[in-house]
Amino acid sequence: MNGLEKYEKILKQSCLFRQKDAEELQELGRLLGGKIQDYGKGQQLLHEGDTIGQLGIVLEGEVRIVRIDMDGNERLFQKLIPSYMLGADIVCTPSRQSPYSAYCSQDAKVWFFDWMPGHKKWEEELERRLMEFIANENVRKFYRIDILSTKSVRRRVLKYLRIQCRKTGSNTVEIPYSREELANYLCVNRSVLSDELGRMQEEGIITFRKNRFTLCKGGRDARLTESLPPLPFGTVGAGVSSYNKQVRKQTVKIYKKQGRNTAVSVKMAEKNHI
């Protein structure tokens, strides 16, 4: 099985091989072939513009998906941990050219293999599972666009935390990012983010310790994390502007109910949210 035997538990967490038993994993390992590659911390796996012919599954360590801007600054898109797939969204495109770079933030092992096993027994199921993975990735990217469509740091933080809480079904979540990484992900300055987090905690909106955050239901502005109208799927451009106007209107309404006058309500909505 190409040395994959000891990674059976990791592979069963992957979208492609979820719920497969040991015998099925062995058969798929033989059909897919490929090779387990070892990478050191900081080593590059992909460069922007590379042509990709294989899928990868992270078996150990951590891989970062990034873009490097013209000034040499890194923009973090995603952190891949064991069981996550690498390059699945690229191999399904006609050009197979990578729009991003990938490197190891710690020592890692990645299993690279050709996409199709060349066996009718598995072809349809693996295609379906790959489509499911890509669809989930599109939803994740939509949420990121929604987060970055707002100007305020506070609103970006609240939207991000709300999404994480929705995934876990809890008001308390442990996020996978350090402060620097979170600032990078939200496209804000780290010191500005730290200051805003401190204010939000003082106002009773959130509590946090290191990477563990809690959305407080009773804090001032806490209802804003639960009362936002959903952004229609596929809305861009003027649609986002229309959405922001809805949010501003609803924010003003919430502030008024808290006893603030109209002028203060509008000013706070503009300062903190839109």
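Select Arg-144 and Phe-77. Arg-144 lies over the face of Phe-77, 5.2 Å from the ring centre. Here a charge sits over a ring if NZ of Lys or CZ of Arg is within 6 Å of the ring centre and within 35 degrees of the ring normal.

A note on the model. It is predicted, so local features need pLDDT of at least 70 and side-chain atom pairs count only at pLDDT 80 or more, while totals for chains, interfaces and linings use all residues. Residues are numbered from 1 along each chain as its sequence is written, and side-chain values use heavy atoms, without hydrogens or water.

Next, the aromatic rings. The whole structure holds 7 aromatic pairs (rings of Phe, Tyr and Trp, the last by its six-membered ring, with centres within 6.5 Å; planes under 30 degrees apart are stacked, over 60 edge-to-face, the rest tilted). Select Phe-17 and Trp-111. This pair is stacked, at 6.0 Å centre to centre and 25 degrees between the planes. Phe-17 is in the loop between α1 (8-13) and α2 (22-32), and Trp-111 is in strand β8 (residues 108-114), 94 residues apart. Helices (H or I, at least four residues) and strands (E, at least two) are DSSP runs, numbered from the N terminus.

Trp-111 and Phe-113 form a tilted pair: 4.3 Å centre to centre, 40 degrees between the planes. Phe-17, Trp-111 and Phe-113 make one aromatic cluster. Phe-17 is buried at 1% relative accessibility (buried is under 20% relative accessible area, exposed over 50%, partly exposed in between; 1.4 Å probe, protein chains only). Trp-111 and Phe-113 are both buried.

Last stop: Ser-83, in the loop between β5 (74-80) and β6 (85-86). Ser-83 is buried, at 9%.
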